[in-house]
Amino acid sequence: MSADLQSFLAFWEERHPEDVVRIAQPVQARYQVTALATKLEREKRFPILVFENVRTEAGEPSAFPLVTYLMSSRRRLAELMQAPAERLGIITYERSHQRRQPVVVKRAQAPVKEVVARGDEIDLTKLPALVHHDMDPGPYISGGFLTCYHPEYGTDNSALHRGWIHGPREIRVLLEASTHNGHIFALHERRREDLRVAYWVGAHPLVILGCETRIPLTDSHFAAAGGMLGQPLRLVPSETLGDDFLVPADAEFVIEGHLMAGKRRPEGPFGEYTRYSGPQRWNPYLEVTAVTHRAGAHWYDLMVGHSHCLGSLTREGAAYEKVRRAVPTITNVYAPMSGCGQFHLYLQIDKLVEGSSKIALVEALTSHHLVKHAWVFDTDVDIFDEQQVMQAFATRFQGDRDIVVLPGLPAPTLDPSRPSELGTKTGFDCTKPVDPRRFARKLSVPQDVMEKIDLENFIPRDRLTNIPYERYG
Amino acid sequence: MNLVYVNCPRCEETFYVDPEFFEVPDAYCHCPYCAHEFSVYRQRSA
């Protein structure tokens, strides 16, 4: 199977026509797509959305369809990876260690070279890039990977970086110094050299997952994406950045250019994964030298600020691995959307030794700088059910005895409550004592009685469905 | 999150910026509502 976005869409639509929604009605890039996605999210429905008639910020119909919500369904990604949804983070992490070296193909074999624009032919304002939220200053690249090469190691580095499309040939980029791409740019700025970069937009979901994985600077994200996909990524030389600058041949779009050394322009505010808008910043910008794309290319949008599994899956896997080294009886981990998919971790352990739950908390809290709070539960608590999570928090936790506080550690930049660059990580031990005689028994009804009682024998199904649903129960 | 609310002098809409805009002489803000660009360098009250 070809490993690209449109082949995946065709495959998935044939397999699950109910899970791909094509919308032919005209929609505005400014706010309307986000409004529709927001309403679906409130109903907890996350089909792949394909908007076939998007009006750009300039009010013109875009020639390109827009795809969003691709990475928003844990259920869909689990089926794609042939994994149980509850184990998806762990399995994703295991697969992120696999590598497949990419292969280089000729331009004629690269779909992304079917249309090439350079110089005055380039007009980014014709793309159906979205203005997602109030206070966003304009259309943004939200699902594009920014790729550059390390000047000493020669390895490619790819990461999602938001980019504000500011006119036909300029993109303003959030490139924090703590990121690998930020580090590579800093090395170039020290030598007063512009940095060759390319945004590539639109890929198979497993390529997106593989490239989003945090790996050492000496490792190739393209090889990691191949490992996640189970086949090598196909690369092709760039148009304007030299033949040694390789880009994904099967992407929908590639946008080439230079990040200008020593120059900054205002970027943002922008609605981020925290579901708050981050402030405007004084950020670098990209002067675009070429845009290449498929004939009939689809623009890919990551619906930022709404449910998506990108950060949460890699967060779960990294925490599981780190905790397991110290507490081998960890059974599962979950990064819920209520914690923005990043800030919160729910751990589940089979507690055999007193204190192991607190060790698990310390390991989880230090597994990534974005993890802010962690809870640990026994195996009788379903960590994917927040009703059960909160009940265990209410009944198994004491503030003076069961808390772990780690002050003075790097805090997430986009956390609105962050007091400074340093913040506090907190862990909550919601496990019972190892000795069952030191804790109360949970309510239960004898199993044989539960099995014999069939609700519909007492209340017929049509009567049952008429009883009001109670959200406060 | 370190942020400072500012008012656009042209359209009077409110948005927020990183404090570095008050400290970097060359930096200027861009109003997300009307695209007006303006400086707030050294304007921040203590």
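Biologist: How many residues does the contact take from chain B and from chain A?

Modeller: Happy to start there, with a note that this is a predicted model, where local features need pLDDT of at least 70, side-chain atom pairs count only at pLDDT 80 or more, and totals for chains, interfaces and linings use all residues. Residues are numbered from 1 along each chain as its sequence is written, while chains are lettered from A and ligands numbered from 1 in the order in which they are written. Two residues are in contact if their C-beta atoms, placed from the backbone, lie within 7 Å. On that basis, chain B gives 14 residues and chain A gives 14 residues.

Biologist: Which element supplies the largest share of the side of chain B that touches chain A?

Modeller: Strands here are DSSP runs of E with at least two residues, and helices are runs of H or I with at least four, numbered from the N terminus. Both β2 (14-17) and β3 (29-30) of chain B supply at least two residues of that side. The largest share, three residues, comes from β2(B).

Biologist: What pattern does chain B follow along the sequence?

Modeller: Chain B has zero helices and four strands. Its C-alpha trace spans about 25 × 20 × 15 Å along the principal axes. Read along the sequence, the pattern is β-β-β-β.

Biologist: Turning to chain A, which helix gives the largest share of the side of domain 1 that touches domain 2?

Modeller: An automatic or database domain assignment sets the bounds, giving domain 1 (5-300) and domain 2 (310-438) of chain A. Their C-alpha centres lie 31 Å apart, and the contact takes 18 residues from domain 1 and 20 residues from domain 2. On the domain 1 side, the largest share, six residues, comes from helix α4 (residues 88-96) of chain A.

Biologist: Which residue is the bridge partner of A:V236 in β15(A)?

Modeller: Two strands pair if DSSP finds at least two bridges between them. In chain A, three strands form an open sheet with mixed pairing, in the order β6-β14-β15. Strand β14 (residues 234-237) of chain A pairs with β15(A) in the antiparallel sense over three bridges. In β15(A), the partner of A:V236 is A:V247.
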